[in-house]
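Please read the following explanation alongside the sequence and the model, moving from the chain as a whole to its helix contacts and then to single residues.

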Amino acid sequence: MEAVVLGFVQRAPGADVLSRLLGNLVMKNKKAQFVVTQKMLLLQYGHTTAVLQNLLGYLSLDSVRRTLLLRVLQELLETWSSSSAVKHSPAEQQLYISKAILICLSHLKEPEIESCRQELLTSMMEGVKCHLDSSLPQLRRLGMVVAEAISLKINTEGPVLKFEYEEEDETRELKSLLVQTPSFCVVPSLPDDDRSEKAGAALPLVLESSEQPHTAAPVMPDDESDAELDSDDDLIPYDMSEDKELKNKAPVYIRDCIEVLTGSRAEDVDKWEATVKALESLVRKNPAATREVSVELAKILLHLEEKTCIKGFVELRQRAQVAVLTTDPIPVAKYLTSQFYSLNYSLRQRIDILDVLVLAAQELSCPKFHGKTKHSGAQKPCIQLLPGSDSSKDWRRIVDERIKSKTRRFDMGQSRVEVASRPNEFNSVAGYFFFPLIQHFDRPLTTFDLLGEDHLVLGRLVHTLAVLMYLAVNTVVRKGREQG
């Protein structure tokens with residue numbers, strides 16, 4: 001369907017010819033409607049301006065299809081006014097969407113503008129803010145041009161927006177798209193663009209040379225241009241080599257982290273990354289606050305998926321899970337061990353649960369060194385040059401020094417560290433780690449069978465149980481009602 005529709009759109013000399021070829025196909029066929037209203041406008045951005053004029057002009061030529069034109073304009077404005085789309089999509093796609101919006105505006109009639117005036121105003125205010133916040137001059141200029149066009153359409157009698165920017169070929173082309181002949185006539189400029197249409201048909205996904213972003217000299221009188229150049233030559237460029245990008249500040253409270261990790265807004269991606277990186281240290285610094293929401297935080301981390309290409313995401317998530325488990329072992333261990341045998345979990349998540357339990361048990365069982373290293377009083381022998389003396393009271397000391405200097409000693413002893421003795425913290429909670437894992441291994445579930453096809457996880461489970469038994473050495477614990 002896409003190949004047929006795209007071929008007609010590219011080959012048709014005008015919107016009226018395309019309308020005679022396709023008719024109301026987009027209203028009868030869902031696939032054709034998706035290709036025309038979604039794929040060619042929002043998912044692709046390599047088609048030429050003439051293709052956009054054919055496509056949107058075709059939607060405007062019939063009263064039944066004009067409902068699709070209004071819907072397409074609304075979706076284009078949503079993308080244009082999204083700060084996430086402006087930040088992460090390429091400049092070529094922003095230019096493509098801006099052209100499509102201007103062509104749609106040129107086809108709107110006064111009653112249609114009146115019915116969606118408020119939506120146009122809201123999209124204009126949000127979109128121009130997103131574009132003016134961009135660091136790219138081209139995107140800022142695109143936002144200004146489109147905002148001026150929308151303002152001109154919705155304020156036909158009152159004041160309109162007006163920005164100051166350099167007039168370039170790209171800007172002039174965008175403004176020309178807003179001024180077109182009525183949609184029921186063939187666009188007179190299309191026959192002159194037959195050659196470019198043929199080139200576009202051969203390479204439909206390559207941008208025309210006129211659409212490539214480039215810089216043109218501003219139009220100004222000769223005397224003003226000389227003065228402007230003279231004034232610019234006196235300016236010294238500012239050194240920005242040492243500038244660093246401002247990073248999003250991570251939350252300082254545990255509940256703020258939960259809010260960020262469970263949020264769905266796309267513009268909080270930077271804050272989400274900062275939260276994932278800082279979560280482990282924040283949990284360890286605030287054990288009391290962590291215990292209040294430990295199970296909820298463990299649940300969030302177990303189901304947390306990577307939103308961006310953050311380096312070491314799996315390790316960061318695992319370390320945060322271990323920090324939560326060691327801070328509040330009993331309730332979090334109960335939750336994780338119960339989820340190991342629950343439905344609707346992937347094998348990867350079940351193995352992650354085992355890894356977190358092992359790492360937390362290892363951390364709880366290892367003593368923490370708080371004392372300083374103390375060395376024994378033994379010192380290596382050394383030769384000392386003593387002053388000559390004939391007194392008999394020094395002869396014993398001199399003989400001993402000579403014997404020490406000529407004696408080879410194979411072991412003088414090593415400096416020893418006084419290890420501060422402390423109880424094994426894992427002893428009191430070992431049962432909550434061990435018994436829930438072993439009690440259901442022989443009960444197959446609908447999507448999980450340890451003794452069947454999921455024997456790989458069974459091997460990891462046996463290894464985990466062995467490690468837990470090793471770490472709980474000399475522990476006297478029995479399976480209680482609260483641990484079973």
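Among contacts in the chain between residues at least 6 apart in sequence, 76% join residues at least 24 apart, where contact means heavy atoms within 4.5 Å. This is a predicted model, in which local features need pLDDT of at least 70 and side-chain atom pairs count only at pLDDT 80 or more, while totals for chains, interfaces and linings use all residues. Residues are numbered from 1 along each chain as its sequence is written, and side-chain values use heavy atoms, with hydrogens and water left out.

The chain holds 24 helices and 0 strands; these elements are DSSP runs numbered from the N terminus, helices being H or I with at least four residues and strands E with at least two. Of the 484 residues in the chain, 41% are buried (buried is under 20% relative accessible area, exposed is over 50%, and partly exposed lies in between, with a 1.4 Å probe and protein chains only).

Helix H2 (residues 15-22) has Ala15, Asp16, Leu18, Ser19 and Leu22 as buried residues. Seen down the axis of H2, these residues fall within an arc of 160 degrees, so they line one face of the helix; the arc is that of the directions from the helix axis to the C-beta atoms. The buried residues of H2 pack against helix H1 (2-11), helix H3 (25-28) and H5, and just after H2 the residue Gly23 takes a positive phi of about 65 degrees.

Helix H12 (residues 169-178) can be read in a similar way. Its buried residues are Glu170, Thr171, Glu173, Leu174, Leu177 and Leu178, and they cover an arc of only 165 degrees around the axis, which puts them on the same side of H12. The buried residues of H12 pack against helix H5 (49-60), helix H8 (91-107) and helix H11 (137-154).

Turning to helix pairs, the axes of helix H6 (residues 66-80) and helix H10 (residues 117-132) come within 8 Å and cross at roughly 30 degrees, where axes are lines fitted to C-alpha atoms, for helices over the stretch in contact, and angles run from 0 to 180 degrees between N-to-C directions. H6 and H10 are therefore roughly parallel to each other (angles under 35 degrees count as roughly parallel, over 145 as roughly antiparallel, 65 to 115 as roughly perpendicular and the rest as oblique). The crossing of H6 and H10 is left-handed, meaning that the near helix is turned anticlockwise from the far one by less than a right angle, with clockwise for right-handed. In this pair, Leu73, Leu77 and Trp80 of H6 meet Leu120, Ser123, Met124, Gly127, Val128 and His131 of H10. The residues of the contact of H6 with H10 divide into 6 nonpolar, 3 polar and no charged; Ala, Val, Leu, Ile, Met, Phe, Trp, Tyr, Cys and Pro count as nonpolar, Asp, Glu, Lys and Arg as charged, and the others, Gly among them, as polar.

The axes of H6 and H8 come within 10 Å and cross at roughly 145 degrees, and H6 passes H8 in a left-handed crossing. The residues of the contact of H6 with H8 divide into 11 nonpolar, 3 polar and 1 charged.

Finally, Ala333 lies in helix H20 (residues 329-340) and, at 0% relative accessibility, counts as buried. Leaving aside its neighbours within four places in sequence, Ala333 is in contact with Leu325, Tyr432 and Phe433.
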